[in-house]
Amino acid sequence: FCTEKLEKRQDDVELWKEKADLLAELGRAEEANEAYERASSLDADNYEIRIEQGDALEQLGKPEKAIAAYREALVLEDQDYKVWWKKGQALIEIEKYDEAVESYRAALELEPSSPDRYIICREYACLLAELGQHQEGIALYKKSLSFEPNYRVSSYEKKQLYKKMYSRKG
C-alpha cells in the first residue's frame with residue numbers, strides 16, 4: 001500500500017514515516033531504519049523520526065547507531081525525557097557508563113510522568129550500584145519508591161544494595 005503511493009510521491013515524508021512505522025511493527029527493523037532515514041532526509045527538523053529510527057536500530061542490535069540517532073533527536077529537541085532515557089539504556093549496552101549516568105540524570109531532571117519516573121529512577125539506581133556509588137543508588141531507590149510505593153522491586157533491590165554495602169564493611 002505505502003510502496004504504491006511512494007512510487008508516485010517519493011518526497012512525501014509522512015508516507016515514508018508511515019512505511020517505516022509499519023515495517024517496525026512487523027519486526028523488519030533494517031527496512032524500517034532505511035525508511036526512517038529517508039523520512040528524516042526529507043524532514044531534517046523532525047526529531048520524532050530520529051527517535052523512531054533509534055528504536056529500530058536498537059531492535060537490530062546496533063546500539064552505537066541508535067545512540068547517534070538519539071543524539072540527533074536531542075539536538076533538535078532536548079526537553080524530551082524519553083530520548084535521554086533511551087540514549088542512557090543504549091549507552092549501558094555498550095558499557096559507556098559515565099555517559100549513561102549523564103543521560104539518566106538529564107531524563108530525571110525533566111520530571112518524567114508516572115510510571116516512567118519510577119522505572120528511570122530504578123534503572124539509574126541499578127547503574128549507580130554497579131558503578132559502586134552505593135549511597136547515591138540507595139537514594140534513587142528511595143526516590144523511586146516515593147513515586148510508586150507499591151512497586152516492590154525497588155524495595156528489594158535497595159535491601160540487596162544495603163546488604164552488599166554492609167557485608168564489605170564487616
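Let me begin with the conventions. The model is predicted, so local features are reported only at pLDDT of at least 70 and side-chain atom pairs only at pLDDT 80 or more, while totals for chains, interfaces and linings use all residues. Residues are numbered from 1 along each chain as its sequence is written, and side-chain values use heavy atoms, with hydrogens and water left out.

I turn to the overall architecture. The protein contains 10 helices and zero strands; helices (H or I, at least four residues) and strands (E, at least two) are DSSP runs, numbered from the N terminus. Read from the N terminus, the order of elements is α-α-α-α-α-α-α-α-α-α. Along the principal axes, the C-alpha atoms fill a box of roughly 70 × 30 × 30 Å.

Of the 170 residues in the protein, 42% are buried. Here, buried means under 20% relative accessible area, exposed means over 50%, and partly exposed lies in between, with a 1.4 Å probe and protein chains only.

The charged side chains number 27 positive and 36 negative, and the centres of the two sets lie 8 Å apart. Lys and Arg count as positive and Asp and Glu as negative, whereas His and the chain ends are not counted. Each charge is placed at NZ of Lys, CZ of Arg, CG of Asp or CD of Glu.

Next, the interior. In soluble globular proteins, nonpolar side chains tend to be buried together. A nonpolar core is taken as a set of buried Ala, Val, Leu, Ile, Met, Phe, Trp, Tyr and Cys residues joined through side-chain atoms within 4.5 Å. The largest such core has 33 residues, and Val83, Ile120, Tyr124 and Leu140 have the most contacts inside it. Two or more residues each come from helix 4 (47–59), helix 5 (63–76), helix 6, helix 7, helix 8, helix 9 and helix 10 (152–169). Helix 8 supplies the largest share, seven residues. A second, separate core has 10 residues, including Ala20, Ala32, Tyr36 and Ala56.

Which residues does Val83 touch, not counting residues up to four places away in sequence? They are Tyr47, Ile51, Tyr70, Ala73 and Leu74. Val83 lies in helix 6 and counts as buried because its relative accessibility is 1%. The C-alpha atoms of Val83 and Ala73, 10 residues apart along the chain, are separated by 7.5 Å.

Buried in helix 7 are Ala100, Val101, Ser103, Tyr104, Ala106, Ala107 and Leu108. Their cover includes helix 6 (81–93), helix 8 (116–130) and helix 9 (134–147).

Glu95 is placed in the loop between helix 6 and helix 7; its phi is near 60 degrees, a positive value in a residue other than glycine. Glu95 counts as exposed because its relative accessibility is 58%. Glu111, in the loop between helix 7 and helix 8, has a positive phi near 50 degrees. Its relative accessible area is 67%, so Glu111 is exposed. Pro115 lies in the loop between helix 7 and helix 8, and the peptide bond from Ser114 to Pro115 is cis, with omega near 5 degrees.

Finally, two further residues. Is Ala44 buried or exposed? Ala44 counts as exposed, at 56% relative accessibility, and is found in the loop between helix 3 (29–42) and helix 4. Glu58, in helix 4, is partly exposed, with a relative accessible area of 23%. Leaving aside neighbours within four places in sequence, Glu58 is in contact with Pro63, Ala66, Tyr70, Ala90 and Glu93.

Definitions and conventions:
Contact means heavy atoms within 4.5 Å.
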